[in-house]
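These are my notes from going through one structure, entry by entry. I wrote down what I looked up and what I found.

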Amino acid sequence: MHLLRRPWLKMIPDKGRDRRFFDFLVALGLCSLQFGGWADAAERGAQMLVQFKFCQPGGYCSETDPTQRLDDIFSQPKGTVKELLYSDEKKHRADETLALKFETSNAAPRVLDRLPSYTRVDYRASTLLPDQAGVLVVMQARSASPKPLLGAQRTASHSLPELAPEILAIPGDREYGAYLSAECITCHQADGSYQGIPSITNWPEEEFVIALHSYKQGIRPNPVMQMIAGRLGDEEIAALAAYFKEPD
Amino acid sequence: MTLSRRGFLGTTLAVSATLAAPMLGAQGRPRVVVIGGGAGGATAARYIAKDSQGAIDVTLVEPTRTYYTCFFSNLYLGGFKSYDDLGHGYGKLAAEYGINVVHDWAIGVDRDAKSVALAGGGLLPYDRLILSPGIDFREDTVPGWTLADQDAMPHAYKGGTQAQLLKSQIEAMPEGGTYCMVAPPNPYRCPPGPYERVSMVAHTLKNTNPTAKILIVDPKEKFSKQGLFEEGWNNHYGGMIERVGPDFGGDIIELRPDAMEVVIDGEVEKVDVCNVIPGQKAGRIAELAGITNEAGWAPVVPATMQSRMDENIHVLGDASQQGDMPKSGYSANSQAKVAAMAVRGALTGSRVFPAKFSNTCWSLIETDDGVKVGASYEATEEKIARTSGFISETGEDAALRKATYEESLGWYAGITSDMFG
């Protein structure tokens, strides 16, 4: 078991009600033994992860393992895992150990409601399940030695779009992306805050391109996004990715 | 609508400030005047100001200081949103985007002189004018009802105090009483709106007045999301809602506001609340500007939202006649971005990209039971043409419906910050 360097760090108070769900703050300290023994917590957490790994609202289930994205993140200095979004990026102190912040304000196990298909793991802090300690234990262990969780195989062929390398290599026209982004901003808030519709700001370009092509090819299920992405050309998707990587 | 003295004074000051602006160094900047601070106008003003970075002088004319959105007013009637939740101010548009926000009524457009006359006496010159005035009501579609009857029989279809009035009337209904909705003929603002409203009224009555009845008198044979609504009404409000379509005289009615009677094909129904949503036309300023057609709407060129009668005027949202897009806040917001780009391109030479339009309308049927319909559109010579779309399905499971509702909350937060900054 890989231990964090500073598991006792205090909670940092919320600065805004719409704090991004990927809220990497210094707070793993609360993952303590209040829920029972370490081993019990790990077992319960593992079960939870199996559930919210595969399913999302409406019973759409994916074979992609979203926790893959958490490999190796624990104990890394903030801001150094490039695939991840960090909140308050500019305020990070590089020497802070990465941790997840979970709140206990909502005890209902609503994680299933909050996990979009194959994006980032969508840990809306205020809606996390009560057994957060267990989840953290499992994620932490997984982070230390990445491998398919609980025997689940990542079957990417079912969940990633078919994309020629040339498509991923298209340089995005950022100014065009800025214009196109206006359509997205009607629903996805420009400041990255989250209320029922996920944030799309500051994504790595490639991930953004893959996500939109996933909708375009009908792999991701949301019909609004399938419609929006369905009429975007490869150049337009690249332009949007270039814009949202660093929006105005 | 009357202007209070206080409002008038504030307006005068604002107008003076606006008119003085060119003297203070803004001379030479192209001027855009936007009339109407809703989903079309506020968005257009904000995008032009934001993207031109000060190169264009933007003035927004809107009578109200706090704008209460018409979209989500049904959720207010259902108790899912408070009245305050629907209110938005223009402070950020003025302070952060440098927009001259003028709280006044536009009462005339001189298209030759290219200026807008204000009720407060000011005159606003423009290089481009954007009209986004929303709807006004036609008084010839519901015999017996005129605007003067809107206190007895409210429309509550422009947000604001009418929504408050309707809510209080519903709450005051006698036990077992009848709420009647006179649904509008096509085309009208927010196609699923009347039927979402019925759902929200049913939700309220189910909890407070479970023996009450809801009567929909409808001149249309069918309506938006009909299968979804009827399924939901059956599941949640069995027996409470009755709809009389044109096959049973829903199109042959007369209203008697004094007696609170609805006469349907000769049969008199006594009701306790009568929510009349009349036939509609473009907001009056579009008519005053002389850019509306016989049907009462302002035809536009799809690629730029320019009036077909005056290339210096763009018309957005409900007031425009553009083709396939429904009249909705989402549509107006989408059209505003196309128009903003076209206006900037024309006035500053900035890059112009192909027009893209989209719309989604979410509706809440009962707690956590949300549905949606949407489509994307492109500009053709003739009209804004639908290219593809989707609609929720009947029989969807509860988790998906709940996620759809939550998505609508996200949309509200998104579009209002897109409008007001």
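I count two residues as in contact if their C-beta atoms, placed from the backbone, lie within 7 Å. I also note at the start that this is a predicted model.

**Entry: the contact between the chains**

I looked up how many residues each chain gives to the contact. Chain A gives 24 residues and chain B gives 33 residues. I then turned to the side of chain A that touches chain B. Helices α4 (174-185) and α6 (223-230) of chain A each supply at least two residues of that side. The largest share, 6 residues, comes from α4(A). Sorted by class, this side of chain A has 12 nonpolar, 8 polar and 4 charged residues.

**Entry: helix α7 of chain B**

Which residues of α7 (residues 226-236) of chain B are buried? I found Leu228(B), Phe229(B), Gly232(B) and Trp233(B). Looking down the axis of α7(B), I see these buried residues fall within an arc of 125°, so they line one face of the helix. Asn234(B) and Asn235(B), on the other side of α7(B), are exposed. I also looked up what covers the buried residues of α7(B). The cover includes α6 (193-208), β13 (241-244), β23 (357-366) and β24 (369-379) of chain B.

**Entry: helix α9 of chain B**

Helix α9 of chain B covers residues 329-348, which is 20 residues. From its first C-alpha to its last it reaches 28 Å, close to the 28 Å expected at 1.5 Å a residue. I find α9(B) mostly covered, with 16 of its 20 residues buried. Gly349(B) follows α9(B) and has a positive phi, near 75°.

**Entry: a sheet in chain B**

I looked up an open sheet of 3 strands in chain B, which has the order β14-β15-β16 and antiparallel pairing. As background, I note that strands of a sheet pair through backbone hydrogen bonds, either parallel or antiparallel. Why does one side of β14 (253-256) and of β16 (267-270) of chain B lack a neighbour in the sheet? These two strands stand at the edges, each with a single partner strand, so one side of each is left without a neighbour. Neighbouring strands of this sheet are turned by 20° against each other on average, direction ignored. Between β14(B) and β15 (residues 261-264) of chain B I find 4 bridges, and the two strands run antiparallel. Leu255(B) stands opposite Val262(B) in β15(B).

**Entry: backbone angles**

Most residues other than glycine have a negative phi, and most peptide bonds are trans. I therefore wrote down some cases that go the other way.

Asn202(A) is not a glycine, yet its phi is positive, about 60°. I located Asn202(A) in the loop between α4 and α5 (205-216) of chain A. Asn202(A) counts as partly exposed because it has 16 C-beta neighbours inside 10 Å.

Gln53(B) is also a residue other than glycine with a positive phi, near 50°. I found Gln53(B) in the loop between α2 (41-52) and β2 (57-61) of chain B. Is Gln53(B) buried or exposed? It is exposed, with 9 other C-beta atoms within 10 Å; the cut-off for exposed is 12 or fewer.

The peptide bond from Asn186(B) to Pro187(B) is cis, and its omega is near -10°. I placed Pro187(B) in the loop between β11 (178-182) and α6 of chain B.

Definitions and conventions:
Residues numbered from 1 in each chain as written. Chains lettered and ligands numbered in written order. Predicted model: local features only at pLDDT ≥ 70, side-chain atom pairs only at ≥ 80, totals over all residues. Expected span 1.5 Å × (residues − 1). Arc of directions from axis to C-beta. Nonpolar A, V, L, I, M, F, W, Y, C, P; charged D, E, K, R; others polar. Pairing = 2+ DSSP bridges. Axes fitted to C-alpha atoms, helices over the stretch in contact; angles between N-to-C directions.
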